[in-house]
Amino acid sequence: MADGAEGAGGAVKGELTGGCLCGAVRYTLSAGFRLNPYACHCTDCQSRTGSACSEHMLFTLADLEITGELDTGEYDQPSGGHSTIYGCAKCKARIYAFNNGREGMGSLRCGTLDNSADLEIQHHIWVRSKQPWIGLAADAKIMDEQPRSTEEWVAFVGIAS
Ligand SMILES: [Zn+2]
Ligand SMILES: [Zn+2]
């Protein structure tokens, strides 16, 4: 699939629901403007998740309705932006982040979606620091680094809805 709305198999269209590991935090993302999900293989994501990569989706913050007690973490991005990460106060599962360089948009941790198994991630950023045991599909869309502006994000991952 070249790009655009079919990029994630349609699994990220319309209303989506999800939550944390322990169930204390639940959210609904109403249908609205969002981009296709992508995997980030940067070393920051490796450290912050304790894993090999992270799975994100940029969405409109106004579409998010979230319940349960949240904790926040703070981080100054190498790009100069400041990000606030929101997660469950009880189990510490991360749900989404806000970067002050992207007003009105949040970045969802897609593994928290109830239908996360249906997502077909086709876009990968920071592939230059990808851990070598992770293989990518031959037709995966890859970038050595990452898009720098909202326009570049739209051009690279495509609009999901
Ligand atoms: Zn929890
Ligand atoms: Zn990253």
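User: Which residues does Ile95 touch, not counting residues up to four places away in sequence?

Analyst: Ile95 touches Cys20, Val25, Tyr27, Tyr86, Gly87, Cys88, Arg109 and Thr112. Contact here requires C-beta atoms, placed from the backbone, within 7 Å. This is a predicted model: local features need pLDDT of at least 70, side-chain atom pairs count only at pLDDT 80 or more, and totals for chains, interfaces and linings use all residues. Residues are numbered from 1 along each chain as its sequence is written, while chains are lettered from A and ligands numbered from 1 in the order in which they are written.

User: Why is Ser83 called partly exposed?

Analyst: Ser83 has 19 C-beta neighbours inside 10 Å, so it counts as partly exposed. The cut-offs: buried is 20 or more other C-beta atoms within 10 Å, exposed is 12 or fewer, and partly exposed lies in between. Ser83 sits in strand S7 (residues 82-88). Its contacts beyond four places in sequence are Tyr75, Gln77, Ala97, Phe98 and Asn99.

User: What makes strand S9 largely enclosed by the rest of the structure?

Analyst: Four of the five residues of S9 (residues 105-109) are buried, so the strand is largely enclosed. Strands are DSSP runs of E, at least two residues, and helices are runs of H or I, at least four, numbered from the N terminus.

User: How do you know that S4 and S9 pair?

Analyst: Pairing takes at least two bridges found by DSSP between two strands. Strand S4 (residues 54-60) and S9 have five, in the antiparallel sense. One such bridge links His56 with Arg109 of S9. Strand S8 (residues 94-99) and S9 also pair antiparallel, over two bridges. Ala97 has Ser107 in S9 as its bridge partner.

User: Why is the pairing in the open sheet called mixed?

Analyst: Strands of a sheet pair through backbone hydrogen bonds, either parallel or antiparallel. The eight strands run in the order S6-S7-S8-S9-S4-S3-S10-S11, with mixed pairing. Strands S6 (70-76) and S11 (141-142) are at the edges with a single partner strand each, so one side of each has no neighbour in the sheet. S4 and S9 are antiparallel. Strand S3 (residues 38-40) and strand S10 (residues 123-125) run parallel, joined by two bridges.

User: Which residues have the most contacts inside the largest nonpolar core?

Analyst: They are Leu35, Tyr38, Cys40, Met57 and Ile95, in a core of 29 residues. Such a core is a set of buried Ala, Val, Leu, Ile, Met, Phe, Trp, Tyr and Cys residues joined through C-beta atoms within 7 Å.

Technical notes:
Contact = placed C-beta atoms within 7 Å.
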